[in-house]
Amino acid sequence: MFTLIDKRNWARREYFEHYLTAVPCQYSMTTSIDISGIRRSGRKLYPAMLHALATVINRHEEFRMAFDAEGRPGIYDTLHPSYTIFHQDTETFSSIWTTFDADYETFLLAYRRDLQTWGDVHRLEARPGTPENVFPVSMIPWENFQGFHLHLPKGDRYFFPIFTLGKIREERGQILLPLAVQVHHAVCDGFHVCRLLDELRTLIDALPSDGHAV
């Protein structure tokens with residue numbers, strides 16, 4: 001479902017118009033996430049992170065904003081993760097999307113089914129029919145990067161957050177994962193990104209230790 005925003009009573013209207021037209025602005029933030037909770041839970045990193053990111057994103061309207069076909073801003077009720085997989089034989093990648101479900105086990109079954117069905121398809125869009133309400137996630141597991149930024153010359157009207165994961169490192173008893181998030185200033189400020197990261201960390205720390213290894 002896509003709900004139009006009533007701009008007449010929208011607290012963010014001035015900021016939205018400023019960073020969309022007067023001073024078009026996107027920004028990125030790179031940080032480290034302690035994923036010890038995922039390790040303790042026995043869950044595999046990639047599906048666990050996809051589910052955690054989608055869970056937090058779907059709590060907050062600012063990360064689910066977009067334009068409709070007529071150029072009117074609105075909010076999707078749900079976003080689903082679209083994620084990359086790497087093909088060793090061709091050194092290329094493909095994108096697959098999986099329907100989000102708040103229940104991790106239900107999401108995991110869908111994730112496994114999608115990988116089994118589309119994982120060997122060597123195309124940019126491995127699973128066809130990608131819906132409009134997906135947010136992108138990619139992983140660069142070969143480098144523990146300290147900063148990451150995407151250049152989007154035509155992304156001035158793209159509002160969904162973009163996530164990039166890096167190579168894990170262990171430091172002082174923590175298992176740290178580089179995480180870069182890129183957003184549009186028209187829909188969210190530094191406060192909103194920091195809240196997302198705080199909630200992500202809290203969610204991961206609270207994962208039950210009896211999860212299923214995959």
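User: In which sense do strand 5 and strand 6 pair, and over how many bridges?

Analyst: In this predicted model, strand 5 and strand 6 pair in the antiparallel sense over 6 bridges, where strands are DSSP runs of E of at least two residues and helices runs of H or I of at least four, numbered from the N terminus, and two strands pair if DSSP finds at least two bridges between them. Local features need pLDDT of at least 70 and side-chain atom pairs count only at pLDDT 80 or more, while totals for chains, interfaces and linings use all residues. Residues are numbered from 1 along each chain as its sequence is written, and side-chain values use heavy atoms, with hydrogens and water left out.

User: What stands opposite W97?

Analyst: That is S82, with W97 belonging to strand 6; in the hairpin of the two strands, which has 4 residues between them, E91 takes a positive phi near 55°.

User: Changing topic, which residues of helix 4 are buried?

Analyst: Y104, F107, L108, A110, Y111 and D114 are buried, meaning under 20% relative accessible area with a 1.4 Å probe and protein chains only, whereas exposed means over 50% and partly exposed lies in between. They lie on the same side of helix 4, because they cover an arc of only 165° around the axis, taken from the directions from the helix axis to the C-beta atoms.

User: And which exposed residues are on the face turned away?

Analyst: That face of helix 4 carries the exposed residues L109 and Q116.

User: What covers the buried ones?

Analyst: The cover includes helix 3 (45-57), strand 5 (80-87) and strand 6 (92-97).

User: How many helices and strands does the protein have?

Analyst: Its secondary structure comes to 5 helices and 10 strands.

Notes: Contact means heavy atoms within 4.5 Å.
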